[in-house]
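Please look at the structure first.

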Amino acid sequence: MPKYTLLIYGDSAQWEALTGEERRAHDAAHAEFRTAAGDRVIGGQELEPAPTATTLRGSVTSDGPFLETKEALGGFYLLEAADLDEVLALAKLLPEVRAAHSGVEIRPVVDHG
Amino acid sequence: MTAEIVAAVAEAHRRDWAQVLATTARVTRDLDLAEECTQDAYAQALAVWPRDGVPSRPGAWLTRVARNRALDEMRREAAFRRRLPLLVTPPDGPGDDRLRLIFTCCHPALSREAQVALTARLVCGLSTYEVARAFLLPEPTMAARLTRAKKKIATARIPYRTPDPDEMGSRLDTVLEVVHLLYTTGHTAPIGPVLIRADLTASAIHLARTLHLLMPRSAAVAALLALLLVTDARSAARVSASGALVLLPDQDRSRWNHPQIAEGVALLTDSLRREAPTRFAVEAAIAAVHAESPSWERTDWPEIVGLYDVLLRLTGESPVVALNRAVAVGFRDGPQAGLDALAPLTAEPALATYAYLAAARADFLRLLGRRPEAAAAYDEALTLTDNEVERAFLAARRGSL
């Protein structure tokens, strides 16, 4: 079965500014996504904000993410799905698709099988 | 080779290309290979039909030849092709392969440029060279764009399928926008020596007819077909015998294709009876008011301004629609009113390089006798226009001052 990653990008300052009620609605939407996707979800994690990242390039170790942007990777899912339409239908359930500062990038995973 | 054979192949190309390719793609599960085999089937027709005669069902003949070639290729390259991702062909309910092909080419996960290029090449059967020329790109650039788009369809697994009912509306809107863009690109070629690219406009109309045939209950499809038919019905009168641009006021209305206007108006009437008007329905209504007016002088400008008001709302206040509305206001209330209506648009960034704004201002200034200002506005329009027929027209207007 083909695999896709859903890369969730957004402005971590805005994620951190969510009120308690907004956070609960946000988490509920993720739970709804996981229920709808069922065993098609192979994995997925929420990441700590980009300023906690450490980047290695050549011999240089630096503080911060690979790309210094306002909107950074905030989390990901790894899914199995038959085709892109199936992934699109599920990804539209994610709350980050609806918020103005965030979005979800879908990348097919290379099949080495 | 006789002219009849060439005409028969050309007719089969126009009528059957999409069907042959769409059916072959189901066998190959590879758009590239399907395209290659379809191309090859038409080459075979040119070689074989002069000897054996035109088959009674050319489409079936071409499909069989393309399919056999595909099976040969797949056997030969089995080991190689197995490593490449294949087109996802889900078991589909009843439906037409041509629709699957169209919706796949116009999938929202593809850029608009890719959608238009794929539709022109795979659905309309224009050659890569022709598609490149239509969109003012070098052929290798267009070839790369097509390859990239086909690769994305295979790798990201965009399925070869018509959309589910709940997303049909928005998916169909994309298809209609692509068909409309193909038509408008041909209607006034952005650059070059001729005004109209008839191969593109004919392809777009044929595609709209196919969509209407396959989705007869869609009011949105009927509205787009109506718009293209009514607009296209006037095309013979848009260019003089010497190739010069003739604007609506000066067109010989007896040269309009009146049966085609009647067909478009009937489609539009039917579409409006069934559903709330889409953007294309209102544009078709505007075209129909012009097409049914006995003369320029008797044009129903209040009706046209009213339709532009509706269109402004439907397009979220599109600056180009606002420009057309301002011009209509000028014809309804006089050149000073038109100039006043255009004034706020000169600050609109989206129109900063739009030649029609400068040309419209120039015309109203000319009618008001403000010659130096009119000349300056014509000069501005000339610097923004690359179509030679339009340039000649603007230069002549400027010269007449």
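**Interface and rings**

Q: How many residues does the contact take from chain A and from chain B?
A: In this predicted model, contact is counted for heavy atoms within 4.5 Å. On that basis chain A gives eight residues to the contact and chain B gives ten residues.

Q: Which residue forms a salt bridge with Asp85(A)?
A: Two salt bridges are found across the interface of chain A and chain B. The cut-off is 4 Å between a side-chain nitrogen of Lys or Arg and a carboxyl oxygen of Asp or Glu. For Asp85(A) the closest N and O atoms are 3.6 Å apart, and the partner is Arg161(B).

Q: Which helix gives the largest share of the side of chain A that touches chain B?
A: Five residue pairs are in polar contact across this interface, both residues at pLDDT 80 or more. The side of chain A that touches chain B has six nonpolar, no polar and two charged residues. Three residues of that side come from the helix with the largest share, residues 84-91 of chain A: helix α3.

Q: Which ring has Arg234(B) over its face?
A: The structure holds eight aromatic pairs over all chains. Ring pairs join Trp296(B), Trp301(B), Phe331(B) and Phe364(B) in a cluster. Arg234(B) lies 5.8 Å from the centre of the ring in question, that of Trp256(B).

Methods. Residues are numbered from 1 along each chain as its sequence is written. Chains are lettered from A and ligands numbered from 1 in the order in which they are written. This is a predicted model: local features need pLDDT of at least 70, side-chain atom pairs count only at pLDDT 80 or more; totals for chains, interfaces and linings use all residues. Side-chain values use heavy atoms; hydrogens and water are left out. A polar contact is a pair of N or O atoms within 3.5 Å; within protein, one must be able to donate a hydrogen and the other to accept it, and residues adjacent in sequence count only if both atoms are side-chain atoms. Helices (H or I, at least four residues) and strands (E, at least two) are DSSP runs, numbered from the N terminus. Ala, Val, Leu, Ile, Met, Phe, Trp, Tyr, Cys and Pro count as nonpolar, Asp, Glu, Lys and Arg as charged, and the others, Gly among them, as polar. Rings of Phe, Tyr and Trp (its six-membered ring) pair if their centres lie within 6.5 Å; planes under 30 degrees apart count as stacked, over 60 as edge-to-face and the rest as tilted. A charge sits over a ring if NZ of Lys or CZ of Arg is within 6 Å of the ring centre and within 35 degrees of the ring normal.
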